[in-house]
Amino acid sequence: MLRTSIPRAPSLPTSSGIFHLCLTFLLGQVGLLQGHPQCLDYGPPFQPLLHLEFCSDYESFGCCDQHKDHRLAARYRVIMDYLDLKGHELCGGYIKDILCQECSPYAAHLYDAENPQTPLRNLPGLCSDYCSAFHSNCHSAISLLTNDRRLRETREKDSAHFCHLLNLPDKDYCFPNVLRNDHLNRNLGVVAEDGRGCLQLCLTEVANGLRNPVSMVHAGDGTRRFFVAEQVGVVWVYLPDGSRLEQPFLDLKNIVLTTPWVGDERGFLGLAFHPRFRRNRRFYIYYSCLGKKKVEKIRISEMKVSRADPNKADPKSERVILEIEEPASNHNGGQLLFGVDGYLYIFTGDGGQAGDPFGKFGNAQNKSSLLGKVLRIDVNGAGSDGRRYRVPRDNPFVAEPGAHPAVYAYGIRNMWRCAVDRGDPITRWGRGRMFCGDVGQNRFEEVDLIVKGGNYGWRAKEGFECYDRKLCHNASLDDILPIYAYGHAVGKSVTGGYVYRGCESPNLNGLYIFGDFMSGRLMALQEDRKTKKWKKRDICLGSTESCAFPGLISTYSKFIISFAEDEAGELYFLATSYPSAYLPHGSIYKFVDPSRRAPPGKCKYKAVPVKTRSKRVQFRPLAKTVLDLLKEQSKKAARKLSNATSASRPVRTSSLKGPSRKPASPTSSRKTFRGPGTKKRARVWSPGSQGMRKMRRKSHSGRVRQSRAGRSLRRPFLSGSLAGGRARGESPRPMGAPAIELGL
């Protein structure tokens with residue numbers, strides 16, 4: 001059937017059958033044999049941008065883009081050139097099927113590539129009936145498909161030995177059974193859910209060692225930098241490679257008012273860059289401070305970046321825009337953001353204490369007060385009456401007697417973290433909508449959509465329910481209801497999030513993702529555009545099967561402080577394991593959908609270069625990845641297996657002739673039976689031509705080194721309120737007081 005012979009390719013080193021038996025046992029012990037959709041590059045499958053001409057069975061969802069499809073087609077043509085007419089007829093379909101398994105959504109499982117530190121198979125796992133038929137009809141073509149010595153030697157033997165080498169322990173995943181399994185293919189490409197309907201997402205760790213990171217923003221200047229603000233008043237610059245500059249961007253520790261008390265809500269609370277920052281170098285900050293006679297205030301200021309160093313703020317450039325006296329130490333608000341209209345929006349709390357007790361109706365319902373409000377101002381010029389800002393002419397209460405003209409919306413208790421929807425990447429649907437999480441009092445937390453002139457009900461209402469019954473039944477209330485509210489059985493301090501509009505996780509588009517500071521729960525709201533209602537979805541992390549990708553983690557610090565998005569719209573959250581402004585227990589995480597990704601190359605962005613004068617501090621991840629945890633479990637299983645093997649061996653006595661031998665120790669056994677992840681087993685082979693194998697082997701080794709160094713996306717995947725006091729209107733707890741409310 002072969003028209004001509006071909007040179008015999010060098011064989012790959014192989015391990016003993018005993019090792020494979022042990023490895024199979026170990027992987028089974030830690031759950032890696034529970035295959036999940038994964039490609040040979042250790043990423044989730046995707047929907048190709050362009051039509052696949054060769055492996056067309058996988059053009060709707062799989063692991064091949066058009067470039068790889070063309071490469072497989074070229075290899076197919078080379079192989080078929082060695083076959084005669086009968087070989088074409090008998091083997092063409094088999095060879096195409098086998099080559100195209102690189103495009104299967106389960107390619108990693110078919111090639112035993114789910115762990116990057118174990119070797120790939122030479123050929124995909126084939127089901128016994130299919131394998132026998134292939135060997136019977138096309139055994140002479142085996143040498144064209146693989147250079148594995150063992151497989152090539154079985155070419156002239158019976159099919160049983162050959163198919164045994166291609167056997168997969170789990171029959172559901174061998175080809176072609178994997179195509180027929182409805183359970184595996186029914187929900188391919190959608191966000192995975194557990195039995196309770198909880199969305200299965202994963203994380204990468206981006207940063208750690210931060211002191212209550214309250215805000216992470218980008219400058220919108222194309223540099224792809226992150227600016228991360230700590231509650232104590234220090235802002236750090238993180239570069240696209242994941243490193244942090246040694247010198248801070250801004251240090252206001254001597255001015256910012258905060259304390260080490262667990263849950264103190266005062267401090268540096270907000271940061272926003274001007275939409276035209278690239279030209280005017282201006283940014284805005286929101287922080288707590290002491291005024292004359294030690295009166296507590298919140299201050300909103302404008303600053304500029306130094307001309308000498310783009311990664312340093314000019315400390316002498318601060319220009320105070322607005323100051324508001326705070327009657328209590330909690331409910332300080334803290335959000336700054338620019339709307340699509342170019343105006344600066346400022347979100348203030350109601351002044352603190354419980355139940356907004358200030359005045360007849362409270363600060364939030366009093367339109368002459370700046371507390372408990374959304375303010376909208378124009379920072380591009382000075383206004384009348386000595387104001388360092390202008391009031392937009394179309395602000396809703398400009399002409400209302402007694403109302404402050406800067407008020408845009410009111411009836412707010414303590415909105416903690418708001419965001420502007422950048423809109424659907426294609427249709428622009430939703431662009432400009434403003435979402436906020438408003439921390440509740442005793443019973444409910446809520447998520448609101450901010451509209452011009454809206455009254456959000458506090459203190460008349462909390463969530464959907466009445467709080468002050470007299471005000472609640474006032475006919476003039478006309479309040480706007482939340483799009484979602486939840487009780488304190490779920491959480492006690494909402495942290496507002498973002499609508500996902502990024503590129504890397506297409507399934508998440510349109511989901512509003514937020515969390516709760518106190519309970520540490522992550523949640524999402526999904527909009528039904530027909531009914532204009534929002535459905536709540538829980539987000540679950542921790543599935544070993546779903547997150548078994550390089551660099552992904554499934555755990556995070558409990559107290560979710562804030563959410564963020566980068567210039568490309570990818571979503572992050574900031575959290576700490578201990579909510580004190582002076583302790584470096586804060587981390588930043590990036591969301592990853594393990595079920596589907598964008599096609600390779602689609603989400604590549606070239607950062608605008610920025611000069612750095614400060615030294616770079618390389619990121620060192622602290623969180624253990626899921627694969628690290630599985631590796632640890634496999635080592636424990638290996639030790640148990642080794643001990644059991646040693647115990648079962650007969651001990652040779654000194655009466656035996658010849659040199660005496662000691663029974664194998666657990667250590668020596670481990671040297672023989674290496675589990676996944678040991679250095680000597682970190683050999684990777686990728687299917688394809690000999691030249692491509694060499695190239696892939698080289699590139700993959702780089703990926704393994706990156707995985708060990710904690711680079712790639714692992715750099716870049718947590719407050720409503722910063723304490724239970726925000727959730728219940730209490731004053732911050734003094735240092736040393738019991739921490740029962742926080743569960744510490």
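Reply: Start with the contact itself. Leu90, Cys91, Gly93, Tyr94, Asp97 and Ile98 of H3 meet Tyr130, Ala133, Phe134, Asn137 and Cys138 of H5. Contact means heavy atoms within 4.5 Å. Helices (H or I, at least four residues) and strands (E, at least two) are DSSP runs, numbered from the N terminus. This is a predicted model, in which local features need pLDDT of at least 70 and side-chain atom pairs count only at pLDDT 80 or more, while totals for chains, interfaces and linings use all residues. Residues are numbered from 1 along each chain as its sequence is written, and side-chain values use heavy atoms, with hydrogens and water left out.

By class, the H3 contact with H5 has 8 nonpolar, 2 polar and 1 charged residues. Here Ala, Val, Leu, Ile, Met, Phe, Trp, Tyr, Cys and Pro count as nonpolar, Asp, Glu, Lys and Arg as charged, and the others, Gly among them, as polar. H3 spans residues 85-99 and H5 spans residues 128-138. The two pack at an angle of about 135°, their axes 10 Å apart. Axes are lines fitted to C-alpha atoms, for helices over the stretch in contact, and angles run from 0 to 180 degrees between N-to-C directions. H3 and H5 are therefore oblique to each other. The cut-offs: under 35 degrees is roughly parallel, over 145 roughly antiparallel, 65 to 115 roughly perpendicular, and the rest oblique. The H3-H5 crossing is left-handed. That applies if the near helix is turned anticlockwise from the far one by less than a right angle; clockwise is right-handed.

Next, strand E27, residues 571-576. E27 is largely enclosed by the rest of the structure, because 6 of its 6 residues are buried. Buried means under 20% relative accessible area, exposed over 50%, partly exposed in between (1.4 Å probe, protein chains only). Leu571, Phe573 and Ala575 point one way from E27. Tyr572, Leu574 and Thr576 point the other way, and all are buried. E27 pairs with strand E26 (residues 559-565) in the antiparallel sense over 6 bridges. Two strands pair if DSSP finds at least two bridges between them. Phenylalanine 559 lies opposite threonine 576 in this pairing. E26 and E27 make a hairpin with 5 residues between them. Glycine 569 sits in that turn, with a positive phi of about 90°. E27 also runs antiparallel to strand E28 (residues 586-592), joined by 5 bridges. There, threonine 576 has glycine 586 as its bridge partner.

Leucine 344 stands opposite isoleucine 377 in E14.

The other sheet has 4 strands in the order E16-E17-E18-E21, again with antiparallel pairing. E16 (415-420) and E21 (484-487) are the edges, and each pairs on one side only. Neighbouring strands here are turned by 10° against each other on average, direction ignored. E16 pairs with E17 (residues 434-438) over 4 bridges. Methionine 415 has aspartate 438 in E17 as its bridge partner.

Glutamate 325 belongs to strand E11 (residues 319-325). Its relative accessible area is 51%, so glutamate 325 is exposed. Beyond neighbours within four places in sequence, glutamate 325 is in contact with Val295, Glu296, Lys297 and Leu371. The C-alpha atoms of glutamate 325 and leucine 371 are 8.9 Å apart, across 46 residues of chain.

Last, the backbone. Most residues other than glycine have a negative phi, and most peptide bonds are trans. Histidine 331 has a positive phi of about 55°. Histidine 331 lies in the loop between E11 and E12 and, at 0% relative accessibility, counts as buried. Glutamine 353 has a phi near 65°. Glutamine 353 is in the loop between E13 and E14, partly exposed at 35%. A cis bond joins phenylalanine 175 to proline 176, with omega about 10°. Proline 176 falls in the loop between helices H8 (159-165) and H9 (177-180). The bond from tryptophan 458 to arginine 459 is also cis, omega near 10°. Arginine 459 is in the loop between E18 (444-449) and E19 (461-462).
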